[in-house]
Amino acid sequence: MSGLEIERKFLVRGDSYKGMACGSSRIRQGYICSDRGRTVRVRLRGGRGFLTIKGPSADGGLSRYEFEKEIDPGEAEQLFRLCLPGAIDKTRWLVEWGRHTFEVDEFHGMNAGLVVAEVELGAADEPFGRPPFLGEEVTGDRRYYNSSLTVRPYALWSEAERQPSQTQGQV
């Protein structure tokens, strides 16, 4: 898959999403490169491997170019050796709501306690229904980027840092 990725990201309240989910899978991912403006990610999900390249964010973090290719799981394991320190471990829950599927990521390890939901859209102004577990929007808030969480995990955030920024995430 490749092309423009348009998505919005939200904090999640409670755990009602678990009962609403139509599926879930464990994800492990690391970053070969996580420079501002580009990331190269290796992921294992449900026994399948993926290599993903993402470009710089646009529209206040709402969209960016993404290229993703499925790779052999053994190749993914080899590429993990090239990754920067820190890794993401999370369970992704899929919740269908209206015409959209929300991907709810429940983080583990050093990011335990953080739960975010993303919805992919066909256009920046596409309307979507809001499931009851959606909290504050954090689209464009770099603290919540997975690549940022490998460098500064949620466990190290102060209580003040755990509050959504009032200047970011406003789309």
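On a 1 Å grid laid over the protein atoms alone, a pocket is an open set of points where a 1.4 Å probe fits, with protein on both sides within 12 Å along at least five of seven lines, and its lining residues are those with an atom within 4 Å of a point. A volume is the space filled by probe spheres set on the points, which are joined across faces, edges and corners. The model described here is predicted, so that local features need pLDDT of at least 70 and side-chain atom pairs count only at pLDDT 80 or more, while totals for chains, interfaces and linings use all residues. Residues are numbered from 1 along each chain as its sequence is written, and side-chain values use heavy atoms, with hydrogens and water left out.

The largest pocket has a volume of about 550 Å³. It is lined by 31 residues, of which Glu5, Glu7, Lys54, Glu66 and Glu118 are the closest to its centre. When the lining is divided by class (Ala, Val, Leu, Ile, Met, Phe, Trp, Tyr, Cys and Pro as nonpolar, Asp, Glu, Lys and Arg as charged, and the others, Gly among them, as polar), the largest pocket has six nonpolar, nine polar and 16 charged residues. The second largest pocket has a volume of about 190 Å³, and the closest to its centre of its 14 lining residues are Ser34, Asp35, Arg36, Arg142 and Ser147. Its lining comprises two nonpolar, seven polar and five charged residues.

Salt bridges, each defined as a side-chain nitrogen of Lys or Arg within 4 Å of a carboxyl oxygen of Asp or Glu, number 17 in the whole structure. In one of them, arginine 64 pairs with glutamate 5, and the closest N and O atoms are 3.8 Å apart. Because arginine 64 lies in strand E5 (residues 63–71) and glutamate 5 in strand E1 (residues 2–12), this pair ties together parts that are 59 residues apart in sequence; strands are DSSP runs of at least two residues, labelled E and numbered from the N terminus. Accessibility is classed as buried under 20% relative accessible area, exposed over 50% and partly exposed in between, with a 1.4 Å probe and protein chains only. By this scale arginine 64 is buried at 17%, and glutamate 5 is buried at 5%. Salt bridges also link Glu5, Lys54, Arg64 and Glu66 in a network.

Glutamate 7, likewise placed in strand E1, is buried yet has no salt bridge, and the nearest side chain of opposite charge, that of lysine 54, is 4.8 Å away; Lys and Arg count as positive and Asp and Glu as negative, whereas His and the chain ends are not counted. Leaving out residues up to four places away in sequence, glutamate 7 is in contact (heavy atoms within 4.5 Å) with Gly61, Leu62, Glu118, Val119, Glu120 and Thr139.

Two further salt bridges join partly exposed residues. Aspartate 35 and arginine 38 meet at 3.9 Å, N to O, with relative accessibilities of 43% for aspartate 35 and 47% for arginine 38. Arginine 152 and glutamate 161 have their closest N and O atoms 2.9 Å apart, and arginine 152 is partly exposed at 36%, as is glutamate 161 at 25%.

Phenylalanine 133, in the loop between strand E8 (115–120) and strand E9 (134–137), is buried at 1% relative accessibility. Beyond its neighbours within four places in sequence, the contacts of phenylalanine 133 include Leu11, Tyr17, Met20, Phe102 and Ala117.

Note on methods:
Helix = DSSP H or I, 4+ residues; strand = E, 2+ residues; numbered from the N terminus.
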